[in-house]
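I opened a new chain today and wanted a first picture of it.

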Amino acid sequence: MENELSKSQAILQCKCPRCRKGEIFENSAFSLNFAKTHTNCPVCNLKYERILGFFWSAMYVSYAFTVAHMITLMVAINVLTDERPALWVFFAAIIGSFVFFVPVYFRYSRVIVLYFLGGIKYNPNPKVWEEQGE
Ligand SMILES: [Zn+2]
C-alpha cells in the first residue's frame with residue numbers, strides 16, 4: 001500500500017487537494033519563480049484555478065499572514081529591547097524578514113484557499129479522477 005498523506009501533511013507539502021500527490025507549484029519556494037503554479041495537477045489533472053480569478057481570494061489570506069507577522073515582530077522587538085527602538089528598526093526588521101516570508105505566505109495562502117474554498121474532496125482513486133475530469 002502506498003504511503004498516503006494526511007490533509008495537514010498535504011497542505012504543508014503543497015500537494016494537490018484531490019490526489020495529494022501532484023505538486024501545486026512548479027518550482028521550489030526558494031526559487032525566483034516561486035509563484036509559478038501548475039494550471040492542472042500533474043497527477044490527476046485537476047484544474048487548480050477553480051473559476052476565473054479564483055486565486056485573487058488568496059490575497060485576503062496573505063493579508064492576514066502579513067498582519068500577523070507584523071504584529072508578532074513588533075511585539076517581539078518591544079519585548080526583547082529595553083528601550084523603545086527607533087522607528088527605522090521596526091521597518092528594517094519587517095522589510096528584512098519579508099524577503100524570506102513573502103514566498104511562504106504567497107504559496108500557503110494559495111494552498112489554503114484551494115483546500116478550504118475550492119470545494120475539492122480528497123479521492124485517491126484514479127477512476128474517479130477520470131469521471132470528475134478537471
Ligand atoms: Zn491531483
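My entries go from the whole chain down to two residues.

**Ground rules.** I am working with a predicted model, where local features need pLDDT of at least 70, side-chain atom pairs count only at pLDDT 80 or more, and totals for chains, interfaces and linings use all residues. I number residues from 1 along each chain as its sequence is written, and side-chain values use heavy atoms, with hydrogens and water left out.

**Fold.** I looked up the secondary structure and found 4 helices and 0 strands. The order from the N terminus is α-α-α-α. Here helices (H or I, at least four residues) and strands (E, at least two) are DSSP runs, numbered from the N terminus.

**Overall shape.** I checked the radius of gyration next. The chain has 18 Å, while a compact globule of 134 residues would have one near 14 Å. That radius is taken over C-alpha atoms, and the globule rule is 2.2 Å times the number of residues to the power 0.38. The C-alpha trace spans about 65 × 35 × 25 Å along its principal axes.

I then asked how much of the chain is buried. The share is 32% of the 134 residues. Buried means under 20% relative accessible area, with a 1.4 Å probe and protein chains only. Residues 24 or more positions apart account for 61% of them.

**Proline 17.** I found this residue in the loop between α1 (7–12) and α2 (58–80). Is proline 17 buried or exposed? Proline 17 counts as buried because its relative accessible area is 2%. I listed its contacts, leaving aside neighbours within four places in sequence. Among them are Ile24, Leu46, Tyr48, Leu114 and Tyr122. Leucine 114 is 97 residues away from proline 17 along the chain, yet their C-alpha atoms are separated by 7.4 Å.

**Serine 97.** I moved on to helix α3 (residues 87–117), which holds serine 97. Serine 97 is buried too, because its relative accessible area is 16%. Which residues does serine 97 touch, not counting those up to four places away in sequence? I noted His69 and Leu73. I also looked at where the side chain of serine 97 reaches, and found the backbone oxygen of isoleucine 94 at 3.1 Å.

Methods. Buried < 20%, exposed > 50% of the residue type's maximum accessible area, 1.4 Å probe, protein only. Contact = heavy atoms within 4.5 Å. Polar contact = N/O pair within 3.5 Å; in protein donor to acceptor, adjacent residues only side chain to side chain.
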